Amino acid sequence: MKEGNIPIQTLRRLPVYLHYLRSIRQRQTTISATAVAEAFGLNDVQVRKDLGAVSGTGRPRTGYVLEELIAQLEECLGCNRSVQAMLVGVGHLGKALLSYDGFSDYGIDIVVGFDVAPDVVGTCVHGKPVLGMDVIETVCRGNEIRLAILTVPLAQAQATCDRLVACGVKAIWNFAPTILRAPEDVSIENENLASSLAVLSKRLLS
């Protein structure tokens, strides 16, 4: 199955499977969809469909060859490719994301941050330079950056999104608590922390 045809919910689960498979690669050489499902308390039919989207069916009685399945998941998720990304909004959350090394496991390399605060611009966070917003177009186009992480305040979110799109950015991971408007050819993934906390809080009170 082509990657573009993989359902979004399946794509959300694949990195979880990959992390688990990597963690057991020293202990075994094969794995079944049922065993993966049991590890996470999921339905084995669903896991079988998820893995089938990238690997086809497993072998009878032996399941999947572990290293082959890991390689197929890594290829599907782009782990073997390097995608340069930038982060806009170097506050507490932005600094935490700039400092996180795990993105490289999935082929993402955050190379630069941008902010407007004078005490932040000109510094480095985890070896990544933080530049002023006045040079964002030059840096973005000069380095052909197509992925941006947005951690700016709500009031600046849409205007910043518009600037990024004008620079040629095609994918935005948005942490601002709003729904951004962008052309159809720009992918936006919203990560609304407040909404997630509201759901958890409601469930606790139910």
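## Overall picture

Of the 206 residues of the protein chain, 36% count as buried, where buried means under 20% relative accessible area, exposed means over 50%, and partly exposed lies in between, with a 1.4 Å probe and protein chains only. This is a predicted model, in which local features need pLDDT of at least 70 and side-chain atom pairs count only at pLDDT 80 or more, while totals for chains, interfaces and linings use all residues. Residues are numbered from 1 along each chain as its sequence is written, and side-chain values use heavy atoms, with hydrogens and water left out.

The protein chain has eight helices and nine strands; helices (H or I, at least four residues) and strands (E, at least two) are DSSP runs, numbered from the N terminus. Along its principal axes, the C-alpha trace of the protein chain spans about 60 × 45 × 35 Å. Among the contacts in the protein chain with a separation of 6 or more, 57% come from residues 24 or more positions apart, a contact being heavy atoms within 4.5 Å.

## The largest pocket

The space in the largest pocket comes to about 1400 Å³. On a 1 Å grid over the protein atoms alone, a pocket is an open set of points with protein on both sides within 12 Å along at least five of seven lines, unlike a cavity, where a 1.4 Å probe fits but cannot get out; lining residues have an atom within 4 Å of a point. Grid points are joined across faces, edges and corners, and a volume is the space filled by probe spheres set on the points.

Which residues lie nearest the centre of the largest pocket? They are L77, Y106, I108, L147 and E189, out of a lining of 27 residues. Two or more lining residues come from each of α1 (8–24), α4 (66–77), β7 (147–150), β8 (171–174) and β9 (187–190), and α1 gives the most, with four residues. The lining divides into 17 nonpolar, four polar and six charged residues, where Ala, Val, Leu, Ile, Met, Phe, Trp, Tyr, Cys and Pro count as nonpolar, Asp, Glu, Lys and Arg as charged, and the others, Gly among them, as polar.

## The buried face of α5

In helix α5 (residues 92–99), the residues G94, L97 and L98 are buried. Seen down the axis of α5, these buried residues fall within an arc of 100 degrees, so they line one face of the helix; the arc is that of the directions from the helix axis to the C-beta atoms. An α-helix has 3.6 residues a turn, so residues three or four places apart point the same way. The cover over the buried residues of α5 includes β3 (83–88), β4, β5 (124–125), β6 (128–132) and β7.

## Cysteines without a bond

A disulfide is counted here as a pair of cysteine sulfur atoms within 2.5 Å, and by this rule the count comes to zero. For C124, the closest cysteine sulfur, in C140, is 19 Å away, which is too far for a bond. C161 is also in no disulfide, since the nearest cysteine sulfur, that of C167, is 11 Å away. C124 is exposed, with a relative accessible area of 57%, whereas C161 is buried, with a relative accessible area of 0%.

## Two loop residues

H126 has a positive phi of about 55 degrees although it is not a glycine, and this residue sits in the loop between β5 and β6, where H126 is partly exposed, with a relative accessible area of 43%.
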